[in-house]
Amino acid sequence: MSPTAPHKPAAGPQSIRKIVIASLTGTALEWYDFFLYGTASALVLGTLFFPEASSLAGTLASFGTFAVGFAARPLGGIIFGHFGDRLGRKPMLVITLLVMGFTTFLIGALPTYAQIGVWAPVLLTLLRVLQGIAVGGEWGGSVLMITEHAPAGRRGFYSAWSQVGINLGFITSAGVFAAVQALSDEAFLSWGWRLPFLLGAVPTLVGLVIRLKIEETPEFQSVQHKGEKQRLPVLHALKTHPRSILVTAGARMAENGASYIFLVFSLAYGKHIGVDNTLLLTGIIVANIVEGASMVGFGALSDRIGRRPVYMAGAATLIVFAFPFFWLVDTSTPALVWLAFVIAIGIGHGAMIGTQPSFFTELFGKSSRYSAISLGHELASVFAGGLSPLIATALLAATDSSWPISLYLVVLGCVTLVSVYFARETVQRDTAPTPDPRLQPAGTYE
């Protein structure tokens, strides 16, 4: 962009709606693919790819490959964050969608242990690594595509819609898996489990068309105009915002760690204690529908009262509800099981994840923002979401009880409470107008 190129104004109401739909749709498709693996890990991958282990040990092994995907997410955040800060948000979102769709299709076509032996879990792990890299670069770009287009004073509301795509992805994946589980056990284990993975190729192409039509964000264009692009954005982020990166990672411990206990481990827990998987999947779907609405509301609330109080309220809800969640699931009563998921996911988790995009975006300056939020976001994924089903399954195997898992949830909640308590309130950065780069010296926004 030439030095005299005009600065593009923030998107108007009609344009921001278009951007929200494009970001939400692409995110839903990306997370449909990612969540499929988690559901399959709890229900079928242990049997097909680790058949020599016991049922619980096989599940533990499949959750190990699930965790590998999370270990790869920081690498994806660094790679796509670097090029997202250098080349723009849009091209990275196109690439992550293509990588995720391709690897998910290959998982659906992968031979099992009975067909190719030890190569089956090896290839499964490699594909999971590619999934992790893709989704590690996806979140930061999809969030910034909305937050950097959002009008002043409405960033919390609009950016929360980016998270709705995550819910839609999980609802779709859980619904498809619930449908194929209606097949006979023989058909499900033979070919039925593959269908959700193979079908992901079709919506991937749809999402690709949608993402190719969206525009680059005004704030990235501002960075281009002022010549503020960093040669190594990750190093710049670590140098200028180390505390905010740690706050981001700490804030995610409860949100991310708890979500995969509620969404993934709960299926293995229900299988262990004899609760019908269809009942659990239905409860998860209902809770995700509720959360789809609640987190937009929490995002809007954060525009009014601030990001920190809303986020901390979500973490506190998780702490208070850590033990009652499993007590309700243990009853096997449909209404109580659904209530457990609605409170845990729809309220506790919803308050945190609905506030997260605007909160994290406002913690960082725009020249290395993609790298910074991706790094903090994905570091927590390794130690929280990636390990939580593995840790919870190991605790269940060792104690045959849910109370250690509840205690683990309490610890995660406390880490998040402390992290957010020591963070600065950021909502004032949203209400202040973005300066015209033609009238500001380079670097003043940082």
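Which helix gives the most to the nonpolar patch? Helix α5, residues 119–147, does, with four residues. The patch itself covers about 530 Å² and is made by I116, V118, W119, V122, L123 and L126; of these, L126 has its place in helix α5. Patches here are made of residues with over 30% relative accessible area and no salt bridge, where like charges are joined within 9 Å and nonpolar side chains (Val, Leu, Ile, Met, Phe, Trp, Tyr) within 5 Å.

The model is predicted, so local features need pLDDT of at least 70 and side-chain atom pairs count only at pLDDT 80 or more, while totals for chains, interfaces and linings use all residues. Residues are numbered from 1 along each chain as its sequence is written, and side-chain values use heavy atoms, with hydrogens and water left out.

The protein chain has 19 helices and zero strands. Helices (H or I, at least four residues) and strands (E, at least two) are DSSP runs, numbered from the N terminus. Of the 446 residues, 59% count as buried, where buried means under 20% relative accessible area, exposed over 50%, and partly exposed in between (1.4 Å probe, protein chains only). The accessible surface of the chain comes to about 15900 Å², and carbon and sulfur atoms hold 71% of that. Accessible areas come from the Shrake-Rupley method with a 1.4 Å probe; for residues, only the protein chains shown count as cover. Among contacts with a separation of 6 or more, 87% are between residues 24 or more positions apart, a contact being heavy atoms within 4.5 Å.

The salt bridges come next. A search of the whole structure finds 10 of them, each defined as a side-chain nitrogen of Lys or Arg within 4 Å of a carboxyl oxygen of Asp or Glu. One of them joins E148 to R89, with the closest N and O atoms 2.8 Å apart. This pair links distant parts of the chain, since E148 is in the loop between α5 and α6 (155–180) and R89 is in helix α3 (residues 89–108), 59 residues apart. E148 has 3% relative accessibility and therefore counts as buried; R89, at 0%, counts as buried too.

E148 also meets the side chain of R369 in a salt bridge, at 3.1 Å from N to O. R369 lies in helix α16 (residues 369–383) and E148 in the loop between α5 and α6, so this pair ties together parts that are 221 residues apart in sequence. R369 counts as buried because its relative accessibility is 0%.

A further salt bridge is that of R155 and E362, at 3.5 Å from N to O. Here, too, distant parts of the chain are linked: R155 is in helix α6 and E362 in helix α15 (residues 334–362), 207 residues apart. Both R155 and E362 are buried. Through shared partners, salt bridges join D85, R89, E148, R155, E219, D303, R307, E362 and R369 into one network.

Helix α15 also holds A340. With a relative accessible area of 0%, A340 is buried. Leaving aside neighbours within four places in sequence, A340 is in contact with F321, F325, L328 and V329. A340 and I284 are 56 residues apart in sequence, and their C-alpha atoms are 9.5 Å apart in space.

In α17, S388, P389, A392, T393 and L396 are buried. They cover an arc of only 130 degrees around the axis, which puts them on the same side of α17. The arc is that of the directions from the helix axis to the C-beta atoms.

Most residues other than glycine have a negative phi. D400 is found in the loop between α17 and α18 (403–421) and counts as exposed because its relative accessibility is 55%. S332 has a positive phi as well, near 65 degrees. S332 lies in the loop between α14 (307–330) and α15, and with a relative accessible area of 36% S332 is partly exposed.
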